[in-house]
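Subject: Structure for your review

Dear colleague,

I am handing over the structure below, followed by notes on what was found in it. Please read the notes with the model open beside them.

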Amino acid sequence: MKLGNRDIGPDDLQIERLGECGRDTPLSNVGFVDDHEGVAVEVRRSAIEERLEAGKPLLHLELAGPRTRIFHDPAETTAGIVTCGGLCPGLNDVIRALVRQLEGSYGLRDVLGFRYGYRGLAARNGLEPVRLTSDLVSDIHRDGGTVIGTSRDEQNVDEMIDTLLERDVRVLFAIGGEGTMRGASELCEGIARRGESIGVIGIPKTIDNDIPVIRKSFGFETAVAEAARAINAGHVEARSHPFGVAVVRLMGRDSGFIAAAATIASGDVDFCLVPEAPFALDGERGLFQHLERRLQQRGHAVIVVAEGAGKTLRDEVGEDDIGRILVASIRLSMPRRGIDVIVKYIDPSYLIRSVPATADDSVFCAKLAHTAVHAAMTGRTRMMVGFYNDNFVHVPLHLVTGPRQQLRLDGKLWRGVLESTGQPRVLV
């Protein structure tokens with residue numbers, strides 16, 4: 001069967017450990033989880049029956065949560081944190097929750113924040129880590145961004161391991177997207193080659209919600225809320241002018257999850273364009289034919305476009321900004337069709353990336369961080385925490401470092417877009 005983009009069996013879901021848990025946990029009354037507990041990969045009756053009839057075992061992801069026995073000695077353990085990739089709402093919430101859980105609940109002696117992502121783990125860059133304490137991080141969740149900085153840099157694996165060993169770091173939390181998880185996996189391979197005992201735990205951060213396997217990543221909910229506000233502003237602009245058109249460009253280089261969810265949340269979008277669904281501007285079934293009809297019927301229109309949409313069109317024009325291509329093309333095409341449009345262009349991408357998390361997102365960030373700490377303290381490694389089938393689970397890194405998750409055009413989310421906008425299923 002497939003999980004994310006991979007064919008898997010029971011062995012693919014096993015979580016690697018540094019060794020046996022030989023210590024009692026310092027936690028109490030927290031609802032401990034048995035190591036054998038899991039979350040079913042399949043939830044549909046037909047899929048379950050198909051596996052049983054074929055004599056195949058049902059598959060489960062390991063259930064996350066605190067255990068009664070732990071691997072690391074809290075008094076002798078130093079933890080490290082890196083944040084990598086682009087900004088995303090909730091980064092500071094995750095850092096804060098990690099520090100408070102490590103220091104306050106488990107009693108770790110030191111938590112180090114390595115600055116500017118993996119760059120901070122290479123000594124030649126001269127970036128001294130920040131000693132993170134509960135007092136230092138007490139208010140950082142009120143701000144967007146990341147208190148320890150971020151980057152997309154790739155660094156030499158052995159140099160990074162040298163830094164971890166020099167700083168006596170035994171647990172590293174890597175917060176980021178697919179590239180960060182790939183880097184974490186390479187770190188694990190290097191650590192294993194050198195026979196060292198350092199746990200690496202990934203925490204999924206992608207504003208596009210496109211990491212395979214998991215159903216939700218932190219920051220996505222905040223991004224959708226902010227994107228919907230931008231769409232609503234575009235709608236106000238469009239309807240305030242005769243034949244007004246608002247083009248709102250949102251994040252989503254490879255996947256249209258934000259554009260789709262924000263379209264439904266707003267309720268004022270006429271066309272939603274995503275990377276997964278090809279479209280043409282001209283022709284009998286092209287976008288402009290339907291836009292002309294919509295303008296004649298309503299007098300205004302709102303178009304939401306994900307940044308990765310229209311790859312063929314972008315390649316032909318030699319311009320990467322699909323929003324600007326649409327604006328220029330609409331201004332040129334609609335007057336030829338007898339409609340004098342007024343086009344407004346809104347790109348809120350960096351505003352959305354830098355805002356603090358919403359309350360619900362903050363709760364999710366804290367739960368992810370707590371889950372990551374529990375996994376790390378039990379000696380688990382080469383894994384990522386995530387949310388699957390309404391539970392927090394442990395996901396092996398090899399399952400999340402492949403092709404990114406994309407919007408299914410036969411799925412519920414895209415069906416909701418078509419029902420909300422009234423746009424045709426096909427725009428080519």
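Strand β8 (residues 78-83) and strand β11 (residues 169-176) pair in the parallel sense over six bridges, where pairing requires that DSSP finds at least two bridges between two strands, and where strands (E, at least two residues) and helices (H or I, at least four) are DSSP runs numbered from the N terminus. Within this pair, threonine 83 stands opposite isoleucine 175 in β11.

Before going further, please note that this is a predicted model, in which local features need pLDDT of at least 70 and side-chain atom pairs count only at pLDDT 80 or more, while totals for chains, interfaces and linings use all residues. Residues are numbered from 1 along each chain as its sequence is written, and side-chain values use heavy atoms, with hydrogens and water left out.

Strands β8 and β11 belong to an open sheet of nine strands, ordered β5-β6-β19-β18-β12-β11-β8-β9-β10, with mixed pairing. Because β5 (38-40) and β10 (130-131) stand at its edges with a single partner strand each, one side of each is left without a neighbour in the sheet. Helix α4 packs on this sheet and touches β11, β12 (199-204) and β18 (383-388), contact meaning heavy atoms within 4.5 Å; the direction of α4 makes about 160° with that of β11, with axes being lines fitted to C-alpha atoms (for helices over the stretch in contact) and angles running from 0 to 180 degrees between N-to-C directions.

Helix α4 (residues 178-193) also packs with helix α3 (residues 157-166), at an angle of about 70° and with the axes 9 Å apart. That makes α3 roughly perpendicular to α4, a label given to angles of 65 to 115 degrees. The contact is made by Val157, Met160 and Ile161 of α3 together with Glu186, Leu187, Gly190 and Ile191 of α4.

Five bridges join strand β13 (residues 244-250) to β16, the two running parallel, and valine 247 stands opposite tyrosine 345 in β16.

Finally, α3, α4 and α10 (349-353) each supply at least two residues of the lining of the second largest pocket, and α4 gives the most, with six residues.

Best regards

Methods
Parallel < 35°, antiparallel > 145°, perpendicular 65-115°, else oblique.
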